[in-house]
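The following questions and answers examine a single structure. Please consult the sequence and the coordinates while reading.

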Amino acid sequence: MRRLSFLFLGIVLLMSASCHRPSLNDLSDESARYAAEYYYAMLVEGRFDEYVAAMEHSEEMRPEMRSQMVALVAQFVDDIKTNKGGLVSAKATSDSLSGNEACVFLDILYADSTQEHVAFPMVFQQQWKIR
């Protein structure tokens with residue numbers, strides 16, 4: 001019985017370790033990749049306010065500038081919708097991490113089936129932010 005309990009505990013620990021999800025608050029390349037995909041998903045989902053809030057220095061923006069940034073991001077996504085049918089997904093393929101800065105390379109898939117490889121600069125300030 002005791003051996004069975006240890007076996008069960010081992011299986012539970014192994015399962016919880018394999019379900020580890022990166023955090024936005026971790027200074028690692030894995031977390032930078034996760035953050036870049038997460039932030040690009042905000043564009044796909046139309047969450048432009050949240051996207052702007054994830055930018056470096058966004059908390060220092062005046063309300064007028066913040067609303068202009070949201071409008072610019074919305075216009076950027078609208079242009080992609082007009083020209084390529086919209087954003088479908090973003091997948092991090094590689095990264096370059098140096099200190100608290102990272103450049104995550106994303107493969108962007110558009111609705112017209114075209115793809116683009118983009119560099120997504122980020123900086124770590126208590127959590128990953130869009131640079």
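Q: Is Ser 28 buried or exposed?
A: This is a predicted model, in which local features need pLDDT of at least 70, side-chain atom pairs count only at pLDDT 80 or more, and totals for chains, interfaces and linings use all residues. Residues are numbered from 1 along each chain as its sequence is written, and side-chain values use heavy atoms, with hydrogens and water left out. Relative accessible area is classed as buried under 20%, exposed over 50% and partly exposed in between (1.4 Å probe, protein chains only). With 15% relative accessibility, Ser 28 therefore counts as buried.

Q: Which residues is Ser 28 in contact with, leaving aside its neighbours within four places in sequence?
A: Ser 28 belongs to the loop between helix H1 (2-18) and H2; helices (H or I, at least four residues) and strands (E, at least two) are DSSP runs, numbered from the N terminus. Contact means heavy atoms within 4.5 Å. Under that exclusion, the residues in contact with Ser 28 are Leu 97 and Trp 128.

Q: How many residues apart in sequence are the parts tied together by Arg 33 and Asp 95?
A: The side chains of Arg 33 and Asp 95 meet in a salt bridge at 2.5 Å, N to O; the term denotes a side-chain nitrogen of Lys or Arg within 4 Å of a carboxyl oxygen of Asp or Glu. Arg 33 lies in helix H2 and Asp 95 in strand S1, so the parts that the pair ties together are separated in sequence by 62 residues.

Q: Which residue forms a salt bridge with Glu 56?
A: Glu 56 counts as buried, at 18% relative accessibility. Glu 56 lies in the loop between H3 and H4, and its partner in the segment after strand S4 (128-130), so the pair ties together parts 75 residues apart in sequence. With the closest N and O atoms 3.1 Å apart, the partner is Arg 131.

Q: Why do the buried residues of H4 line one face of the helix?
A: Helix H4 (residues 63-84) has 22 residues and reaches 31 Å from its first C-alpha to its last, close to the 32 Å expected at 1.5 Å a residue. Its buried residues are Val 70, Val 73, Val 77 and Ile 80. Seen down the axis of H4, these residues line one face because they fall within an arc of 85°.

Q: Which residues are exposed on the other side of H4?
A: The buried residues of H4 are covered by elements including helix H2 (29-45), helix H3 (48-53), strand S1 (87-98) and strand S2 (101-110). On the other side of H4, the exposed residues are Gln 68, Leu 72, Thr 82 and Asn 83.

Q: Which residues form the covered face of S2?
A: In a regular strand the side chains alternate between the two faces of the sheet. The uncovered face of S2 has Glu 101, Cys 103, Phe 105, Asp 107 and Leu 109. The covered face consists of Ala 102, Val 104, Leu 106, Ile 108 and Tyr 110.

Q: How many bridges join S2 to strand S3?
A: S2 and S3 (residues 115-124) run antiparallel, and Asp 107 stands opposite His 117 in S3. The two strands form a hairpin with 4 residues between them. The number of bridges joining S2 to S3 is 9.

Technical notes. Expected span 1.5 Å × (residues − 1). Arc of directions from axis to C-beta. Pairing = 2+ DSSP bridges.
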